[in-house]
Amino acid sequence: MSFAMWVMLLAMTTALCCALPGVWLVLRRQSMLTDAIGHSVLPGIVIAMVATGTLQSPWSILGAALMGVVVVLATEALEATGLISGDGAQGLIFPAMFSLGVWLMSTRLNQVSISESAILVGGLNLAAFLPLEVGGRLVGPQYLWVMAAVLVIEVAFLALCHNSLKIITFDRELATTMGLPVRRLNHLVMVVTSVTVTAAFNAAGAVLVVALMIVPAAIAQLVSRSLRMMYAVTVLVTLCCSAAGSGSPTCWTRQHPPDWPCSTGSSSSPCRQRCWRVGACGAGRSASGASPPALRRSPTANDIGMTPPRVVGWEP
Amino acid sequence: MSLFADHTFRTMLIGTVVIGFTAGGLGTFAYLRKQSLLADVVSHSAIGGTMVAFIVASWFGIDGKSSWVMIVGASAVSLLAVQLVEWLPRVSATKVDAAMAIILALFFGGGMVLHRVILAGPYPNKGGLADYLFGSASHLTSSDVVAAATVSIITFTVATVCFKELVIACFDGEYAQTIGFSPKALSWVLNTVVVLSVVIGVKAVGLVLMVALAVAPPVAARQWTRRVPSMVVLSRFFGATGAALGSWIAVSLGRVPTGPVIVCVVTALALISLLIAPRRSLLLMAVARRRQRPSLAGASR
């Protein structure tokens, strides 16, 4: 397989990883939590990168993700004091953590090789840069396997806790009456979200991960009547959009100089948002359960024609 | 003290103080409406507006990086974003939190794509646009400060003239409607001043971090007072103080970006206020709880 194909596969895995917990976040009305976690894992990521030298080892992902969880818990504790109204607690904590991360990066730890815009939008092609070889055979980027592992863990969690999650989301009182561990499950959802955001950070960055998590689920919410259908639509939208978003720039390879900066991550995001707009206009009001009009592609993503880098060792 | 003789530092100090002063004051209204995260949407969408404004200005041969172009473009696009956030939950099944997340990512993602377009295209003077992501207070020029101060005075005047109306709209929109104010007009005025106050800070503090300057000062101010007028004044004071202290620390440390330091200082001010302010602080609550414990234990016995 060529580099571009692996990148596309990586884009699809990453997007799927993000979209699945997104279903619950949208249903629980916690969409902005992804934004908060996406920003607050930055100090953890910088520290983990300095400690281990890479963000692709599972330990550094876990360490940085714990940071995100701690921040969410701190926000909850601050909200519980009752001194801050509305979403103020969230708005107070996460910019501070993010600036701490930027501060760390700029001072002592500036050997960390993350560029500033990569923090915000990630670099899908760069994430796919390191190849993994097993017994002399190329089996794709290392990062792909990290994301695949996260995906497996996630699916296991969602499958195991499906019923309890459903009760907690739709009827919290019932869940409490039934003796379900409501708080612990809420925290588990946050841990899973945080691990996903951290793992996807390389490819999608702090802000675009919000799009990857929320937009497919929000489209699905518009057209589906059951949880099962919502899952199905989310997966469908995610796969179509990430394939289209990462595929479109590669078609342009021959027409543009290859040393262009590439950000497939940022090009696939507006693409999926367009899909969401179409879904909102077409199916939202009628709610007739029509098939999601998700395949219309954004011309903006196409026009730019960003190319992946030529990577030595990847050419067949 | 020798720092103050330095022209760059003076410009930076005045600029950030104006920004902190404005964002702190107008952020109070967003906070009272419990829409603090709307400031986050505004600051992220501002990047889209900045890029659009840069491209349009280049067509007309104007310098796309002048602060007026940026302020006008960014506030127009951010206002659109805010209106969309309010509109979407009304017409579809999407909830307001999802609407915020979607619009934020849409406008931000669009801005980043446009940034690539600009970098690849034949636009003059296109370097340094990426500075808007994290801000660079040391790059503030006198004309930037003048523009920020002008916008600040405009928002100040509007907020002072319409003070009563805005406060009513924040606390009880239905009552405002009953006594004859158009809720739509009030919401527009409020959104416009909030957007303007956030947008002027994007160049200096950075779009990701401007939300802190709109949220932390009101949180701190709320701890020290019970009345809205004094809360606005205090919040402006905290915003300005945090900005001044932050720029001073950043310059003294050297090689540190100013925006993040300002945000850390402002957040620290808010946390300290939460901890020790009179009447409603965490410390007082803990003390009161400890005092009551024996009497409660005695009563139950």
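Which residues in helix 7 of chain B meet which residues in helix 9 of chain B? The model to be searched for the reply is a predicted one. In helix 7 of chain B the residues are Glu165(B), Leu166(B), Ala169(B) and Cys170(B), and their partners in helix 9 of chain B are Leu186(B), Val189(B) and Leu190(B). Sorted by class, this contact has six nonpolar residues, no polar ones and one charged one.

Two packed helices are described by the angle between their axes and the distance between the axes. Helix 7 covers residues 163-171 of chain B and helix 9 covers residues 183-199; they pack at an angle of about 105°, and their axes lie 10 Å apart. An angle from 65 to 115 degrees counts as roughly perpendicular, so helix 7 of chain B is roughly perpendicular to helix 9 of chain B.

Helix 3, residues 67-91, packs against helix 6 at an angle of about 40°, with 9 Å between the axes. These two helices of chain B are therefore oblique to each other. On the side of helix 3 of chain B, the contact involves Ser67(B), Trp68(B) and Ile71(B). Helix 6 of chain B brings Ser143(B), Asp144(B), Ala147(B), Thr150(B) and Val151(B) to the contact. By class, the residues where helix 3 of chain B meets helix 6 of chain B are four nonpolar, three polar and one charged.

Asp144(B) has a further partner. Its side chain meets that of Lys203(B) in a salt bridge, with 2.8 Å from N to O. Asp144(B) belongs to helix 6 (residues 142-161) of chain B and Lys203(B) to helix 10 (residues 202-205) of chain B, so the pair, 59 residues apart, links distant parts of the chain. Are the two partners buried or exposed? Residues under 20% relative accessible area count as buried. Lys203(B), at 17% relative accessibility, is therefore buried, and Asp144(B), at 6%, is buried too. Over all chains, a search of the whole structure finds one salt bridge.

Apart from neighbours within four places in sequence, Ile103(B) is in contact with Val41(B), Ala81(B), Leu84(B), Val85(B) and Leu88(B). Ala5(B) is 98 residues away from Ile103(B) along the chain, and the C-alpha atoms of the two are separated by 44 Å.

Chain A has 316 residues, and buried residues make up 58% of them. Among the contacts in chain A with a separation of 6 or more, 77% come from residues 24 or more positions apart.

Ile47(A) lies in helix 2 of chain A. With 46% relative accessibility, Ile47(A) counts as partly exposed. The C-alpha atom of Ile47(A) is separated by 8.4 Å from that of Leu104(A), although the two residues are 57 residues apart along the chain.

Helices of the two chains also pack against each other. Helix 4 (residues 88-106) of chain A and helix 11 (residues 210-224) of chain B pack at an angle of about 125°, and their axes are 9 Å apart. The two helices are therefore oblique to each other, and helix 4 of chain A passes helix 11 of chain B in a left-handed crossing. Gly88(A), Gly91(A), Leu92(A) and Pro95(A) in helix 4 of chain A meet Val211(B), Ala212(B), Val215(B), Ala216(B) and Val219(B) in helix 11 of chain B. The residues of this contact divide into seven nonpolar, two polar and no charged.

Finally, each chain has a loop residue with a positive phi. Arg29(A), not a glycine, has a phi near 55°. Arg29(A) lies in the loop between helix 1 (3-27) and helix 2 (31-52) of chain A, and it is exposed, with a relative accessible area of 52%. In chain B, Arg279(B) has a positive phi of about 75° and is likewise not a glycine. The loop that holds Arg279(B) runs between helix 13 (258-276) and helix 14 (282-300) of chain B. At 57% relative accessibility, Arg279(B) counts as exposed.

Methods. Residues numbered from 1 in each chain as written. Chains lettered and ligands numbered in written order. Predicted model: local features only at pLDDT ≥ 70, side-chain atom pairs only at ≥ 80, totals over all residues. Heavy atoms only, no water. Salt bridge = Lys/Arg side-chain N within 4 Å of Asp/Glu carboxyl O. Helix = DSSP H or I, 4+ residues; strand = E, 2+ residues; numbered from the N terminus. Buried < 20%, exposed > 50% of the residue type's maximum accessible area, 1.4 Å probe, protein only. Axes fitted to C-alpha atoms, helices over the stretch in contact; angles between N-to-C directions. Parallel < 35°, antiparallel > 145°, perpendicular 65-115°, else oblique. Left-handed = near helix turned anticlockwise from the far one by under 90°. Contact = heavy atoms within 4.5 Å. Nonpolar A, V, L, I, M, F, W, Y, C, P; charged D, E, K, R; others polar.
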